Amino acid sequence: MTAAGSTRSVVAVVDDDQRALESLADLLEAAGYDVRVYSSARTFWKTGGLSDIDCLISDISMPDLNGIRLRRLALSARPELPVILITGRTERRAEYAMIIEPDRYFEKPFDGQQLLTALQACLTQRRPRAAEE
């Protein structure tokens, strides 16, 4: 899936930290991705942002609907969708390791190139949607 008229992958970024959101958007846009930003998981979910993206990158620690719950909802609706989670809180690292693939979990601050490498791997390996098969 790509934006209409584009061959670039569409990545949604969800983070309640405006600086982190802008920084991630800049990184991804510089790498050639179409980026959609959301300041909360609830906003992302309510606006139907899930339907036309190729990957979701979300912060874990957010009020109301956190990244773990957002991931669960997203994968329930679109099991093939790559979801990458990021966090600045490491006290629950062991718990996260049990539910998140290691190459799809990043602790802030993270290396931007490593995130881009993981994103590209996710997009390359993802299973096609039934409608695209």
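**A capped helix and its surroundings**

N66 caps the N-terminal end of α3, with a side-chain oxygen lying 3.0 Å from the backbone nitrogen of I68, in what is a predicted model. Within α3, the residues G67, I68, L70, R71 and A74 are buried. Seen down the axis of α3, these buried residues fall within an arc of 160°, so they line one face of the helix. The face of α3 turned away from that buried side carries R72 and S76, which are exposed.

Spanning residues 18-30, α1 has 13 residues and reaches 18 Å from its first C-alpha to its last, which is close to the 18 Å expected at 1.5 Å a residue. The residues A20, L21, L24, A25 and L28 of α1 are buried. They cover an arc of only 130° around the axis, which puts them on the same side of α1. On the other side of α1, the residues R19, D26 and A30 are exposed. The partners of the buried residues of α1 are β1 (10-14), β2 (34-38), β3 (55-59), β4 (83-87) and α5 (112-125), against which they pack. At the start of α1, a side-chain oxygen of D17 comes to within 2.9 Å of the backbone nitrogen of R19, while just after the helix G32 adopts a positive phi of about 100°.

Two further loop residues deserve a careful look. R104 sits in the loop between α4 (93-99) and β5, and despite being in a loop R104 is buried, with a relative accessible area of 14%. With its neighbours within four places in sequence set aside, R104 is in contact with P82, V83, I84, L85 and C122. In the loop between β5 (105-107) and α5 lies P109, and the peptide bond leading from K108 to P109 is cis, with omega near -10°.

Notes: Residues numbered from 1 in each chain as written. Predicted model: local features only at pLDDT ≥ 70, side-chain atom pairs only at ≥ 80, totals over all residues. Heavy atoms only, no water. Helix = DSSP H or I, 4+ residues; strand = E, 2+ residues; numbered from the N terminus. Expected span 1.5 Å × (residues − 1). Buried < 20%, exposed > 50% of the residue type's maximum accessible area, 1.4 Å probe, protein only. Arc of directions from axis to C-beta. Contact = heavy atoms within 4.5 Å. Polar contact = N/O pair within 3.5 Å; in protein donor to acceptor, adjacent residues only side chain to side chain.
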